[in-house]
Amino acid sequence: MFEQREGEIALTGDPAQSSDASLAYIGRITSPWKLREECPKNMDAARERGGGATVTVDELYRPGLAGLAGFSHVVILSWFEKAPRNLIVQKPRHATEAKGVFALRSPARPNPIGMHVARIVALDVETGVIELDAIDALDGTPVIDLKPYFASVDAFPDASRPSKDT
């Protein structure tokens with residue numbers, strides 16, 4: 001599923017063998033994307049392709065949705081369980097040079113945590129269903145946390161980044 005490209009570096013050990021932390025999946029994502037090749041590479045591309053998505057929160061965690069109604073957007077932290085965890089330097093298809101994993105948003109990373117900011121289309125606290133405008137994650141992807149999006153503290157209009165081709 002993830003072929004190693006020229007210039008990439010893999011770790012010698014498996015980060016999954018660490019006992020540093022344990023996670024609880026709190027729900028799952030339902031999306032139109034069944035295969036990695038179909039999945040949009042970011043939320044902009046997911047919105048352009050349409051299709052919407054949902055997060056279904058497990059019953060045990062549904063009381064945690066109290067107070068989320070009224071927020072326009074939600075930050076979804078997901079667990080890319082199918083991604084390799086040993087690539088520490090990667091060469092994206094569009095880049096001319098390899099980059100360290102912490103300078104990329106690739107799902108292949110020591111802790112394969114995805115971050116998605118999505119518009120809330122509808123929220124049903126009783127069933128634990130959050131309908132979203134879009135998502136850039138495979139169908140069935142586990143959710144590890146949800147956080148309300150605050151434009152006042154989460155957006156940085158003056159943020160910068162290197163050019164896309166490097």
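Asp 139 and Lys 34 form a salt bridge in this predicted model, with their closest N and O atoms 3.3 Å apart. The two partners come from distant parts of the chain, 105 residues apart: Asp 139 sits in the loop between strand 8 (129–132) and strand 9 (142–148), while Lys 34 belongs to the loop between strand 2 and helix 1 (43–49). Asp 139 is partly exposed, at a relative accessible area of 31%.

The loop between strand 8 and strand 9 also holds Asp 133, whose partner Arg 47 lies in helix 1, so this pair ties together parts that are 86 residues apart in sequence. Asp 133 is partly exposed at 23% relative accessible area, and Arg 47 is partly exposed too, at 33%.

Next, let us turn to Arg 28 and Glu 81, which meet through their side chains in a salt bridge. Arg 28 is in strand 2 (residues 27–30), and Glu 81 is in the loop between strand 4 (73–79) and strand 5 (87–90), 53 residues away. Arg 28 has a relative accessible area of 35% and Glu 81 one of 40%, and each is partly exposed.

The whole structure has four salt bridges, among them these:

| Pair | N to O distance |
|---|---|
| Asp 139 and Lys 34 | 3.3 Å |
| Asp 133 and Arg 47 | 2.6 Å |
| Arg 28 and Glu 81 | 3.3 Å |

Notes: Residues numbered from 1 in each chain as written. Predicted model: local features only at pLDDT ≥ 70, side-chain atom pairs only at ≥ 80, totals over all residues. Heavy atoms only, no water. Helix = DSSP H or I, 4+ residues; strand = E, 2+ residues; numbered from the N terminus. Buried < 20%, exposed > 50% of the residue type's maximum accessible area, 1.4 Å probe, protein only.
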